[in-house]
Amino acid sequence: MADDYLVRIGKLIRDARQHRGWTQTQLADALATSQSAVNRIERGNQNISLEMIARIGEALDSEIVSLGYAGPMHLRVVGGRRLSGSIDVKTSKNACVALLCGSLLNKGRTVLRRVARIEEVYRLLEVLNSIGVRTRWINDGMDLEIVPPAELDMAAMDAEAARRTRSIIMFLGPLLHRMDNFLLPYAGGCDLGTRTIEPHMIALRRFGLDITATEGLYHAVVDRSTSPDRPIVLTERGDTVTENALLAAARHDGVTVIRNASSNYMVQDLCFFLDALGVRVDGVGTTTLTVHGVPSIDTDVDYSPSEDPVEAMSLIAAAVVTESELTIRRVPIEFLEIELAVLEEMGLDHDRTPEYPADNGRTRLVDLTVRPSKLEAPIDKIHPMPFPGLNIDNVPFFAAIAAVAQGKTLIHDWVYDNRAIYLTDLNRLGGRLQLLDPHRVLVEGPTRWRAAEMMCPPALRPAVVVLLAMMAAEGTSVLRNVYVINRGYEDLAERLNSVGAQIEIFRDI
């Protein structure tokens, strides 16, 4: 029995190492041991202590085993089942984390309605609580109340929680108004290759923020004599970059113009939230935002973030891949029009209801019914563009959709260094995906999916794509260590089960 556990642990370690892209030598260097020792561990031929397992998990940023609480979560998927009925789209993960960061602007009480109960939100709440912000779930756990202290205790920050979310980078914008100097841990999150924060620094430098990075920390110093004297031109039309600039401009006493701004869904939600705080933002939905900042914000605000278009795309892909008829309710159609246009050209059979407003009163929603369809590969490649183009986070779902279409589809994910590589995990489930380079993958369909047991990719959307393929594959599959899925989706397995999937959550060692 002990030998069997050693083999299982060794396989988990090997899979986690390979997903990180490390050699055995690189892992050995991180552990201050030898390559031969790592080789013995991975083959199950080496006795290994809990302390060593914890060190390996920390080095690989993967929960090989958890100490002091339940171990990592896995999913057992019985595939080949048709979905039916209807399912609601949850509120936007990316909007919710931006609004949590935005709550630091306000001295008053902030209530956010129907906040996504996901790991990314939990990590930010741990950080906020550690620096003195009081948060509590109200209305039977549906809504979140946030009350800041008079002074933030930055020295008490939960650095471990902060390092597990890239969203922590959006603390910079609001914090520069609250203190003259502070420390912030390096941002973490998905493993998507090198993601520089230099565009953030270029934008925030105009508000007097200077950053020095040393020993895993950003050292921030604010020069109060500096303020934007001309429009801020973002060097990258990124979502979090735009949000950080908006958060900095919100309490700048004056008018700030931000050009080359993202107009994506989470940015629009943040603009609507700022409006509720008394900060007027002109140009919402365009690439030029004009922010009429106020030096102090002290108001009780109640705001409802809109639904998540990427989750909606996940559910559309689930219906397509499992050849099901499924109604997806509360779809933010403005942010899925390009995706649906591409799917229509591929032959998707679907219809939609008339539009109706989201709870924020601004975002347009529809209910969308998807039916089994015979899809053809698109003539043009699938590639992302800033909004209103095809959403960057929706590109991976087209890998699963292209796999069930007739013909070859080229997917070009030019934004992230590693994500196209993770899509080739579909080959272990019967897919035929050829990696052309770190950014391009050629998908050939149709696919006869087959069950498999595998480690969850370390990036959110590719991980969900693997889960969807398992749902389509006849037989029983196992997806191990699904923390990354829980970062961005609330109760995804249970909700898919409610429309006919058969997914069991379990834990082991």
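**Close-up views of a predicted model**

**View 1. The bridge between V77 and I503.** In this predicted model, V77 has I503 of strand β23 as its bridge partner. Strand β1, which covers residues 73-79, pairs with β23 in the antiparallel sense, and five bridges join the two.

**View 2. The open sheet that contains β1 and β23.** The sheet is built from four strands in the order β21-β22-β1-β23, and its pairing is mixed. At its edges lie β21 (453-455) and β23 (503-507), each of which pairs on one side only. From one strand to the next, the twist averages 20 degrees.

**View 3. Helix α13 and its surroundings.** Within helix α13 (residues 337-346), the buried residues are E339, L340, V342, L343 and M346. Seen down the helix axis, these buried residues fall within an arc of 160 degrees, so they line one face of α13. They pack against α12 (309-321), β15 (349-352), β17 (364-371) and α14 (395-403). Just after the helix comes G347, which takes a positive phi of about 110 degrees.

**View 4. The largest nonpolar core.** This core has 150 residues, and those with the most contacts inside it are F171, L246, L467, L479 and I485. Helix α16 (residues 460-472) provides the largest share of the core, with 11 residues. Apart from this core lies another, of 17 residues, among them L27, M52, I53 and I56.

**View 5. The contacts of L479.** When neighbours within four places in sequence are left aside, L479 is in contact with residues including H74, L75, M454, M455 and C456. Its other contacts include A463, V466, L467, M470 and I485.

Notes:
Residues numbered from 1 in each chain as written. Predicted model: local features only at pLDDT ≥ 70, side-chain atom pairs only at ≥ 80, totals over all residues. Heavy atoms only, no water. Pairing = 2+ DSSP bridges. Axes fitted to C-alpha atoms, helices over the stretch in contact; angles between N-to-C directions. Buried < 20%, exposed > 50% of the residue type's maximum accessible area, 1.4 Å probe, protein only. Arc of directions from axis to C-beta. Contact = heavy atoms within 4.5 Å. Core = buried A, V, L, I, M, F, W, Y, C linked by side-chain atoms within 4.5 Å.
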